[in-house]
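These are my notebook entries on a structure that I am reading for the first time. I set down what I looked up, topic by topic.

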Amino acid sequence: MLLSRVAENLYWAARYLERAEATARVVREHTNLLVDFPTSEALNWEPLLAIVGGRDDFDDRHDRADEQSILRFLVADRDNSGSILMSIEHARENLRTTREVLPREVWQAVNDLYLFVASHHGEGVARRSRNRFLEHVVGEVMRVSGILDATMSRDEAEEFLRLGRLVERADMTTRVLDVRAAALLAETDRVGASAFDDVQWMSVLRSLSALQMFHRAMRCAVDGPSTLRFLLFDEQFPRSVAWCIDVIDRSLVRLPDPDLVRPACRQARAELASVAVDELDGDALHTTVDLLQVAIHRIHDALASTYFLARATGSVPVT
Amino acid sequence: MAEIEAPVGAWDELIDGDGQPRPSAAKLVEHLRRITVGELKARQDAADLDILAMGITFTVYSDGRGIDRAWPFDVIPRIISAREWASVEVGLIQRLVALNRFIDDVYNDQRVVADGVFPAELLTDSANFRPECRGVHPPLGVWAHICGSDLVRDADGTMYVLEDNLRVPSGVSYLLENRAISKRAFADLFEAQSILPVDGYTDELFRLLRSLAPDDVDDPTVVVLTPGIYNSAYFEHSFLAQRMGVPLVEGRDLVVDADDRVHMRTVAGLKPVHVIYRRIDDLFLDPEAFRPDSTLGVPGLLRAWKAGTVGIANAPGAGVADDKVVYAWVPDLIRYYLGEEPLLPNVPTYRCLYDEERRYVLDHLGELVVKPANESGGHGLLIGNRSTAEERARCAQAIERDPRNWVAQPILDLSTAPTLCDGAIEPRHLDLRPFVLTGRTSYVTKGGLTRVALRRGSLVVNSSQGGGSKDTWVVED
């Protein structure tokens with residue numbers, strides 16, 4: 001018997017943790033691109049803003065979109081609710097109101113991470129220390145997942161943590177594809193396309209920690225269509241859009257009234273099935289990803305109206 | 001070798017007047033004298049890290065903003081002998097039983113008033129008397145199920161009851177957490193002697209709460225009701241819910257239906273609730289019955305409680321006995337209801353309501369502690385011998401304006417215990433808050449929460465005003 005309010009807090013805590021981890025991965029990978037990038041071409045940091053979100057907010061408060069200001073915005077900005085610092089803080093605040101349903105170690109691990117980020121976020125901005133900082137954030141969020149996996153009963157509370165994590169993850173995968181892949185596809189049409197394309201596609205995979213699993217599953221060279229196919233459709237890789245939607249769908253059966261949410265999952269799956277990867281150019285990919293994101297948001301809305309909102313207004317009969 | 005600074009004037013809990021350890025503290029003092037201050041400091045630092053990592057916090061307010069602060073803890077425990085504690089326990093239970101008889105009486109027959117033992121005007125004036133509760137008979141006649149009493153020890157070693165907190169007493173979670181931390185700091189000493197365990201509290205509390213369910217409910221649903229994350233004791237509310245494995249609810253999670261039944265809003269719809277351990281003050285509990293502007297409470301809760309569909313601890317209105325004015329009558333109430341002499345003494349208390357006692361207070365402000373009758377957290381307190389003439393003048397005005405709201409007591413030399421302060425072990429004043437549960441049976445924590453004034457000479461132990469805490473060991477000699 002999980003309170004609606006607690007379910008919602010758990011769901012958002014998991015989303016924020018996943019967001020912090022995903023942001024850390026994407027920023028880390030983008031920084032690593034520097035190594036492979038020709039010195040003649042300046043690395044553009046702006047795609048990071050597009051992936052993580054908050055471009056308008058950033059522009060309102062900054063004159064220039066250079067590495068330092070973008071990194072500060074994404075890692076350490078207290079006024080950006082999507083920064084790593086604030087994501088961890090939001091996750092902690094949400095868990096603080098739900099401590100009684102969590103294994104104690106989970107709270108401690110999140111609290112540890114919060115204390116670390118609150119005092120070390122400057123290291124995530126400076127290029128010299130950035131990698132270590134980001135590795136730590138990724139590692140600690142994974143530690144939280146590990147503790148949950150090993151110590152938390154598979155009850156309703158755990159279910160909402162899982163749902164939050166998966167919705168956020170599916171959303172993030174589509175964002176990375178939207179920004180990085182669409183830009184790459186657009187460039188391929190250009191005469192004398194960049195010789196660094198394959199490096200960049202690898203980087204797309206790496207920013208989702210997907211490169212190694214791509215090789216094992218796809219057994220082919222990294223290029224646009226194969227990358228898209230893997231990140232959208234692979235049924236075994238835990239960051240692909242298909243995998244996230246399928247697990248959400250399967251998890252729902254352990255909650256009350258799953259049939260109020262499952263249609264949204266089926267709809268998202270249908271949307272995914274209609275994507276024809278080989279025919280996509282940059283613009284078409286944009287449109288496709290937009291539709292997928294709408295479908296994922298519908299899953300979120302269905303969860304909210306079934307478990308968070310409807311119950312909170314008391315319109316559901318006594319059972 | 002660590003040197004322990006000798007106490008001056010006050011009774012010290014660990015060391016007697018000749019600098020010798022008290023018998024139950026012998027092992028600890030010997031241990032402290034064997035290690036260096038540096039070693040002790042290292043254990044203190046480890047304890048502070050544990051507190052930070054475990055997220056043991058309390059919330060303080062400044063500029064209208066709540067700030068989450070790490071719980072202040074001194075690594076050197078305070079020790080009480082098991083023999084002494086056994087007699088304190090009996091005295092605490094006697095007190096709480098009498099207070100419950102009093103509460104039940106004032107909401108029903110008011111025999112205590114008719115018999116001329118308690119003045120009628122005090123009841124009608126009382127800020128904590130709830131006319132809405134007249135005529136209610138909670139199960140077993142118990143209204144105040146959970147009580148946190150503050151005990152202090154004077155220079156001659158006598159333990160006094162300073163006040164009884166019957167509304168929403170807090171601190172028990174810190175008592176339990178302090179033990180967890182001090183076990184790590186002094187593992188070897190826990191092996192070497194018999195220190196009575198404190199962990200049973202949450203089981204006892206859960207058993208008590210379940211016993212408050214309506215008779216026809218086999219497997220009652222118990223919840224802890226919190227005002228929310230911005231309350232200074234939120235950590236504790238969450239802690240207790242966690243330890244009992246019950247939902248921690250806010251007012252907005254609960255709803256009372258037209259049949260006066262309480263439900264909580266869950267992911268599977270509305271589910272019945274049978275017992276509420278509420279940590280919200282009476283006046284905010286139910287906007288339908290009390291303050292209509294309260295957003296923390298649950299409309300209709302009082303109605304459900306009166307209908308007997310839900311048990312509430314402590315019962316609405318129980319705070320009538322949590323009043324520094326009623327306090328002055330407790331010895332009389334014990335004699336009146338139980339026909340027994342009080343086992344634990346009250347601190348002599350002057351009631352400004354009475355002309356004669358008020359005159360004495362106004363003439364002796366410099367020698368008294370003056371307290372508002374209905375404030376907690378040490379606010380509005382005047383400690384006569386540490387006050388300025390201006391503070392005393394302001395206090396005198398406040399007393400003249402509203403005499404009923406003020407009581408005064410002689411300044412006690414609160415006892416001390418050795419405390420680690422800036423690299424030296426120095427005496428600091430402290431008090432003790434044990435927690436008492438009563439229902440079908442009664443239970444007292446082994447020891448309590450020791451609060452310590454961390455500034456030299458200070459008597460203010462409240463954590464919101466720079467106080468710290470210690471683990472309390474009840475040791476079998």
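In what sense do strand β14 (residues 368-372) of chain B and β15(B) pair, and over how many bridges? I looked this up first, bearing in mind that the model is predicted. I found that β14(B) and β15(B) pair in the antiparallel sense, over 2 bridges.

Entry on the sheet. I then looked up the sheet to which these strands belong. I noted an open sheet of 4 strands in chain B, with the order β13-β16-β14-β15 and antiparallel pairing. The edges are taken by β13 (350-351) and β15 (382-383) of chain B. Each of these two has a single partner strand, so one side of each is left without a neighbour in the sheet. For one residue I also looked up the bridge partner: Val369(B) is bridged to Ile383(B) in β15(B).

Entry on Ala25 of chain B. I located Ala25(B) in the segment before α1 (26-34) of chain B. Is Ala25(B) buried or exposed? I recorded 25 C-beta neighbours inside 10 Å, and because 20 or more make a residue buried, Ala25(B) counts as buried. Leaving aside neighbours within four places in sequence, I found Ala25(B) in contact with Leu14(B) and Ile79(B).

Entry on two helices of chain A. I turned to helix α12 (residues 241-252) and helix α13 (residues 262-273) of chain A, whose axes come within 9 Å and cross at roughly 160°. Angles over 145 degrees count as roughly antiparallel, and α12(A) and α13(A) are therefore roughly antiparallel to each other. The crossing of α12(A) past α13(A) is left-handed. From α12(A), I listed Val241(A), Ala242(A), Ile245(A), Ile248(A), Asp249(A) and Leu252(A) in the contact. From α13(A), I listed Arg262(A), Cys265(A), Ala268(A), Arg269(A) and Leu272(A). By class, this contact has 8 nonpolar and 3 charged residues, and no polar ones.

Entry on the two chains. How many residues of chain A are in contact with chain B? I noted 26 residues of chain A in contact with 23 residues of chain B. On the side of chain A that touches chain B, α1 (4-36), α6 (104-125) and α14 (282-312) of chain A each supply at least two residues. I found that α6(A) gives the most to this side, with 5 residues. By class, I recorded 13 nonpolar, 6 polar and 7 charged residues on the side of chain A that touches chain B.

Terms used. Residues are numbered from 1 along each chain as its sequence is written. Chains are lettered from A and ligands numbered from 1 in the order in which they are written. This is a predicted model: local features need pLDDT of at least 70, side-chain atom pairs count only at pLDDT 80 or more; totals for chains, interfaces and linings use all residues. Axes are lines fitted to C-alpha atoms, for helices over the stretch in contact, and angles run from 0 to 180 degrees between N-to-C directions. Angles under 35 degrees count as roughly parallel, over 145 as roughly antiparallel, 65 to 115 as roughly perpendicular and the rest as oblique. A crossing is left-handed if the near helix is turned anticlockwise from the far one by less than a right angle, and right-handed if clockwise. Two residues are in contact if their C-beta atoms, placed from the backbone, lie within 7 Å. Ala, Val, Leu, Ile, Met, Phe, Trp, Tyr, Cys and Pro count as nonpolar, Asp, Glu, Lys and Arg as charged, and the others, Gly among them, as polar. A residue is buried if 20 or more other C-beta atoms lie within 10 Å of its own, exposed if 12 or fewer, and partly exposed in between; C-beta atoms are placed from the backbone. Two strands pair if DSSP finds at least two bridges between them.
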